[in-house]
Amino acid sequence: MNRKLTIIALGFFITTCSLDAKVKLATIFSDNMVLQQQSKNKIWGQANANTTIYLTASWDNKKHSAKSDSKGYFSIEIITPDAGGPYTMEISDGEKLNLNNILIGEVWLCSGQSNMEMPLKGFRGQPIANSQCKIIGASPTQNLRLFTVKRAYNTSPQSDVEGLWSQSVPQTAREFSATAYYFGDLLQKTLNVPLGLIHSSWSASKIEAWMSKETLSHFSEIDMSVLKNTEFEYPASTPSVLYNAMINPLTGLSIRGVIWYQGESNSANPKQYKKMFAAWAEQWRTNFNNPQMPIYYTEIAPFQSSDKNAINLAIFREAQLESMNELQNVGMAATTDLGHQYFIHPPFKQQVGERLAYWALSKTYKIEGISYMGPSYKSLKLLEDNSIEVVFKHGEEGLIPENEDVVGFEIAGADGEFKPAKATIINGSSRVKVWNDEIYQPKEVRYCFRNYTEGNLYNNFGIPAIAFRASIK
């Protein structure tokens, strides 16, 4: 009898607690968070069913309200001011929930596979170059806030993620994505506003893992039947499951843009990837209610793969470059000079993050005078002495190395056999003369167009020339 009474009492206690439970916000809304400035921000969560929820933010002290639905879900839309803080927020359904140390500023989502996931502390035996100084310098006074989405996967769209907003201190910075950190660090210092970085990535993930089932339905070559399974040996290669668990719960969040470092796992099929990248970009822009949302991505770095002299990875990089030329409001950070012959995870993440930031500062924040792209192929012509003149864009203020040999070029004659070429910059211009004394009337030219090769052509601002291949028509 006593046992029965105890069970009844326990059930009554649980029911009462459930009815009186305070509002539970989505995990992305917490102490230390950054909200996108000057925008409509949706704040959502769970409460008791059919209950009125009130929200007041300290920047304007206006009282907002919404009613939860029959399942307890609610969302409230608020308008954020110019960058600033710290602020507080109070949410109540009768019992108050307070959020503290909120900043208003710029928010970027950072995603991809292992080269995005690679933290400032590096992977075991694979360091990040010069990261110790950046880790030591991490300080909450900089107003750089970090949120890492915990790895998760699911066959159906989820409503929340696991993670925690934290201030930038050595202990948290060392664990955070190095590429994202360097990107955010330069943006914050340049813009002088609070900066929030949301990092959501998974090593070896394919792009289809980050796309919804609906988007992938247009790609008949993607096997969606695997989603009938409940266990996966390689979730990162499984369509939609990372999107469902690590991106869908963020849908509706107000962010400024996305940086993306992914592609190695899709490099075997560049044509397919190019189509999927366009669909992925459109889908994520829909997710975050911004059809023109800037997306800046990283060229996969030179790496020997199975053979450093093969060109399969070069062809994939070519597809990445084509995407930049064909899609609106995207930009690619070049990595021609940042690869490592033996490691797919090169240590030069500072340069990658900063080159992504150059794009954002120039194109998104409209700061004039910032060079954001290295020399890229524009045109060529055959000269009378059997050399080729290559003209580059984004090199108008000068190419380097002046008065030295430029390495990385190859040319081929009618037989299609490529041979190393000599090259020099023409009279301080954005043109390069390329030749091989053994090749009469060359037909093709290419620069750094192998899995792994080294070149030394840059513009005056230290941004490398982008690999290319071209033919004389």
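## A279 and helix 8

A279 is found in helix 8. This is a predicted model. A279 has a relative accessibility of 15% and therefore counts as buried, since the limit is under 20%. T215 is 64 residues away along the chain, yet the C-alpha atoms of A279 and T215 are separated by 7.0 Å. Leaving aside residues up to four places away in sequence, A279 touches M211, T215 and F219.

## Overall picture

The protein has 10 helices and 24 strands. Its C-alpha trace spans about 100 × 50 × 40 Å along the principal axes. Of the 473 residues in the protein, 54% are buried.

## Nonpolar cores

Nonpolar side chains tend to be buried together in soluble globular proteins. Here the largest nonpolar core has 113 residues. Those with the most contacts inside this core are F29, M89, I198, W280 and W284. Strand 8 gives the most to it, with 9 residues. Another core lies apart from it, with 22 residues, among them I388, V445, A465 and A470.

I198 shows what such a position looks like in contact terms. Residues up to four places away in sequence are not counted. I198 then touches I28, V107, W108, L109, C110, F147, V149, W165, L250 and L253. 

## Aromatic pairs

A pair of aromatic rings is described by the distance of the centres and the angle of the planes. The count comes to 21 aromatic pairs in this model. One of them is F29 with W44, an edge-to-face pair at 4.9 Å centre to centre and 90° between the planes. F29 lies in the loop between strand 1 (24-25) and strand 2 (34-36), and W44 lies in strand 3 (residues 40-46), so the pair ties together parts 15 residues apart in sequence. F29 is buried, at 5% relative accessibility. W44 is also buried, at 5% relative accessibility.

Y273 and F316 form a tilted pair, at 4.9 Å centre to centre and 55° between the planes. This pair links distant parts of the chain: Y273 is in helix 8 (residues 270-287) and F316 in helix 9 (residues 312-326), 43 residues apart. Y273 counts as buried at 3% relative accessibility. F316 is buried too, with a relative accessible area of 0%. Both Y273 and F316 belong to one aromatic cluster, along with W260, F277, W280, W284 and Y297.

## Charges over rings

Two lysines are placed over tryptophan rings. The charged end of K42 sits over the ring of W44, 5.1 Å from its centre. W44 is the residue that also forms the edge-to-face pair with F29. The charged end of K433 sits over the ring of W435, 5.7 Å from its centre.

S111 is located in strand 8 (residues 96-112). S111 is buried, with a relative accessible area of 0%. Its side chain reaches the backbone oxygen of S200 at 2.6 Å. Beyond residues up to four places away in sequence, S111 touches M116, S200, S201, W210, I259, W260, Y261 and W284. W260 and W284 are members of the aromatic cluster.

N32 sits in the loop between strand 1 and strand 2. The relative accessible area of N32 is 16%, so N32 is buried. N32 touches N100, N101, R145, W165 and Q167, not counting residues up to four places away in sequence. W165 is also among the residues that I198 touches.

Strand 20 pairs with strand 21 (residues 431-435) in the antiparallel sense, over 4 bridges. A423 stands opposite V434 in strand 21. The two strands form a hairpin with 5 residues between them. In the turn, N427 has a positive phi of about 45°.

Notes
Residues are numbered from 1 along each chain as its sequence is written. This is a predicted model: local features need pLDDT of at least 70, side-chain atom pairs count only at pLDDT 80 or more; totals for chains, interfaces and linings use all residues. Side-chain values use heavy atoms; hydrogens and water are left out. Rings of Phe, Tyr and Trp (its six-membered ring) pair if their centres lie within 6.5 Å; planes under 30 degrees apart count as stacked, over 60 as edge-to-face and the rest as tilted. Buried means under 20% relative accessible area, exposed over 50%, partly exposed in between (1.4 Å probe, protein chains only). A charge sits over a ring if NZ of Lys or CZ of Arg is within 6 Å of the ring centre and within 35 degrees of the ring normal. A polar contact is a pair of N or O atoms within 3.5 Å; within protein, one must be able to donate a hydrogen and the other to accept it, and residues adjacent in sequence count only if both atoms are side-chain atoms. Contact means heavy atoms within 4.5 Å. A nonpolar core is a set of buried Ala, Val, Leu, Ile, Met, Phe, Trp, Tyr and Cys residues joined through side-chain atoms within 4.5 Å. Two strands pair if DSSP finds at least two bridges between them.
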